[in-house]
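Colleague: Could you walk me through reading a sheet and a helix packing in a model like this one? Let's look at it together.

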Amino acid sequence: MLLPTSLVGSYAQPDWLIDKVKLKGRFPPRVRATELWRVDPAYLEEAFDDATLLAIRDQERAGLDIITDGEMRRESYSNRFATALEGVDLDNPGVALDRSGEPNPVPRVTGKIRRKHAVETRDVEFLRAHTDRMIKITVPGPFTMAQQAQNDFYKHEAEMAQDYAVAVNAEIKDLFAAGADIVQIDEPYMQARPEKARAYGLAALETAFDGVEGRTALHICFGYAALIHERPQGYNFLPELAGSPVQQISIETAQSKLDCSVLESLTGKTVILGVLDLSTHDIETPEDVAARIRRALPHIAAERLVIAPDCGLKYLPREVAFGKMKAMADGAAIVRGELS
């Protein structure tokens, strides 16, 4: 359909599931942070299922066309997968600089990175069983995971990124086999560290998608608005993705008021257009959203657009997240009507 709507990945988790005060008081965890969960470990899996059902139903009620699991089972977008890999010392974490330049505990790589088993396939199976709409699942990208680790094993960082990419490649194939319609990898550090992304991040991306059959997406952003408040006027790394194997590229335009002419450099790609400003709890009107969609139309065909928030909704109150999501769906419907 024209201008389908979707989340980037995360939805607001219920307060009964996760301690949002603790969550907002730190950078997104790179190592496990089980202290964030409010539910007894004996009942946590059931709680994850219940929260995922709430996320699915909220997206359906809002009118979204492509449904995610809301990443209800995750402390952050990346740590659940990154800490499930072989070659990582979880008991003695390392330290790396976050994209803001602050030190953060991270996985310490002490051996060859390997995927021991599928990590998110049950997430996809549960999502597929509880909605009849198209579904999308996300997995952290190899370049970003390499930046969020302390390398105590590999001679060159590029080798580590390649092994992360091999692990991601196997996971992506299993996620499609489990029923995913779209698999998105999250690569925010390509924007944060463009020189390294050019040096070896693009090669890791090629490996991550090697032999993959299915609709693929990549999210690149300026960071969670709740944590990273300043927005540059443009991307440090975006046209480079035009030659990559990924089919859809998720970018943010709302908070940054991005000059949408940059979309012209993404020839042949579908753009997942961020149209919700997540720096504020003010809920956009449908017309606000429609105006942000119209800004892109001189630079890209409507047939190549998917409408989404700028980034994940994880840090918003649930009532705000739902209101913004509903406005997004209604705003897309306005422009869809105008175009048809």
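**From a strand pair to a helix contact**

Modeller: Start with E1 and strand E4 (residues 134–140), which pair in the parallel sense over two bridges. Bear in mind that this is a predicted model.

Colleague: Which residue of E4 is the bridge partner of Ile66?

Modeller: In general, strands of a sheet pair through backbone hydrogen bonds, either parallel or antiparallel. Here, Ile66 has Met134 as its bridge partner in E4.

Colleague: And in what order do the seven strands of the open sheet run?

Modeller: The order is E1-E4-E6-E7-E8-E9-E10, with parallel pairing. E1 and strand E10 (305–308) are the edge strands, each pairing on one side only.

Colleague: Now the helices. At roughly what angle do the axes of H2 and H10 cross?

Modeller: Two packed helices are described by the angle between their axes and the distance between the axes. For helix H2 (residues 44–62) and helix H10 (residues 318–339), the axes cross at roughly 35 degrees and come within 8 Å. That crossing is right-handed. On the H2 side the contact uses Leu54, Asp58, Gln59, Arg61 and Ala62, while H10 brings Arg318, Phe322, Met325, Lys326 and Ala329. By type, the contact residues are five nonpolar, one polar and four charged.

Colleague: What covers the buried residues of H2?

Modeller: The cover includes strand E1 (66–67), helix H4 (121–129) and H10. Among the buried residues of H2 are Phe48, Ile56 and Asp58.

Colleague: And what follows H2?

Modeller: Gly63 does, with a positive phi near 100 degrees.

Note on methods: Residues numbered from 1 in each chain as written. Predicted model: local features only at pLDDT ≥ 70, side-chain atom pairs only at ≥ 80, totals over all residues. Heavy atoms only, no water. Axes fitted to C-alpha atoms, helices over the stretch in contact; angles between N-to-C directions. Helix = DSSP H or I, 4+ residues; strand = E, 2+ residues; numbered from the N terminus. Left-handed = near helix turned anticlockwise from the far one by under 90°. Contact = heavy atoms within 4.5 Å. Nonpolar A, V, L, I, M, F, W, Y, C, P; charged D, E, K, R; others polar. Buried < 20%, exposed > 50% of the residue type's maximum accessible area, 1.4 Å probe, protein only. Pairing = 2+ DSSP bridges.
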